[in-house]
Amino acid sequence: MPEISALPLSVIIIVFFAAAAVIAVAGTRLAGVADELADRTGLGEAMVGAVLLGASTSLPGIITSVITAGQGHVSLATGNAFGGIAAQTAFLCIADLAYRKVNLEHAAASVGNMVQAALLIVLLTLALIPATLPPVSFYGISPATPVLVLAYLFGLRLLRLTGTHPMWQPRRTSETQREEADDSTMSAVSTGALWFRFVVLAAILAVAGYAVSQTGVAIAGRTGFSQSAVGALFTAVVTSLPELVIAVAAVRRGALNLAVGNIIGGNCFDVLFLAGADLAYREGSLYAEFSAEDQFLASATILMAAILLLGLLRRERQGFAGIGFESTAIAIVYLGVVLVMVL
């Protein structure tokens, strides 16, 4: 079987978009399965969105970052990680537009979503700090890698505690979604069969993610774009398609907390791409190899996460074109990121 890089560029691009189509279809199916599992298990939409969907829909991205880092394509791996977080945050703007009743961040009032937004800022900052310091690694692994993993696990513990023992609640309004199980939407399929479907769909996303990683490297080698740009604008967007599809599908189903929790929870998990990529990269600390473009992307994602947190706290009912100020600002920042990476 010939190497992907040896194939004609047209064939590589076809494979790239075919994998993107598979990711989109599988992601759509996952939305319905996850929504029903949230009701049946009692975990709630925010927790299911953050952990189950966040991890499973991130499989294509983490496979892309780990494989490309192991092959020595550091900028492609890091660009995919940061670019994915930026793209997924921008996808919330699309989900906001899809929910025409009121600003999505107002309706999806959840302490858990705010905790995740704050956790995302912490994780991104922890990943960026080592890039500004002298390189340090032990057996080729940066100390930042276990710190990131531990911080993420601690954040999940905080998320669980805010769900079971909340110290305060957001103010309820007529537009605030109340998370209650809807028996009318329950299928006749058993819970075990739902879990099986969930695992199969997640596996399909993983295979498609491998195809994206290999074609992404090939495209980077054939075009004039830098690996950071290919990672941030091509592989990141394609591997983030499940989050977009699930967010829009969840909004249409009325599962607003699932939509927001999937995006923010997926973003938190996506920071762990860097930890996996650092383990795969055997030349030393991955963070020490961050380029100026990588640091710019990291800074931009922190800015977008902070704007989102402000929007979740303010909970503006209506803004420009029916969306809140946070969605407008995030869209502007992301457009700026794209222009900087392309020009």
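How many residues does helix H3 have, and how far does helix H3 reach from its first C-alpha to its last?

## Helix H3

Helix H3 covers residues 59-70, which makes twelve residues, and reaches 16 Å from its first C-alpha to its last. That is close to the 16 Å expected at 1.5 Å a residue, where the expected span is 1.5 Å times one less than the number of residues. Helices here are DSSP runs of H or I with at least four residues, numbered from the N terminus.

Just after H3, glycine 72 has a positive phi of about 90°.

## Basis of the model

This is a predicted model, in which local features need pLDDT of at least 70 and side-chain atom pairs count only at pLDDT 80 or more, while totals for chains, interfaces and linings use all residues. Residues are numbered from 1 along each chain as its sequence is written, and side-chain values use heavy atoms, without hydrogens and water.

The 18 residues of H6 should span 26 Å at 1.5 Å a residue, and the end C-alpha atoms of H6 are 26 Å apart, which agrees. Of these residues, 14 are buried, so H6 is largely enclosed by the rest of the structure.

Tyrosine 139 lies in the loop between helix H6 (111-128) and helix H7 (144-164). Most residues other than glycine have a negative phi. Tyrosine 139 has a positive phi of about 55° although it is not a glycine. Tyrosine 139 counts as exposed (over 50%) because its relative accessibility is 80%.

Conventions
Helix = DSSP H or I, 4+ residues; strand = E, 2+ residues; numbered from the N terminus. Buried < 20%, exposed > 50% of the residue type's maximum accessible area, 1.4 Å probe, protein only.
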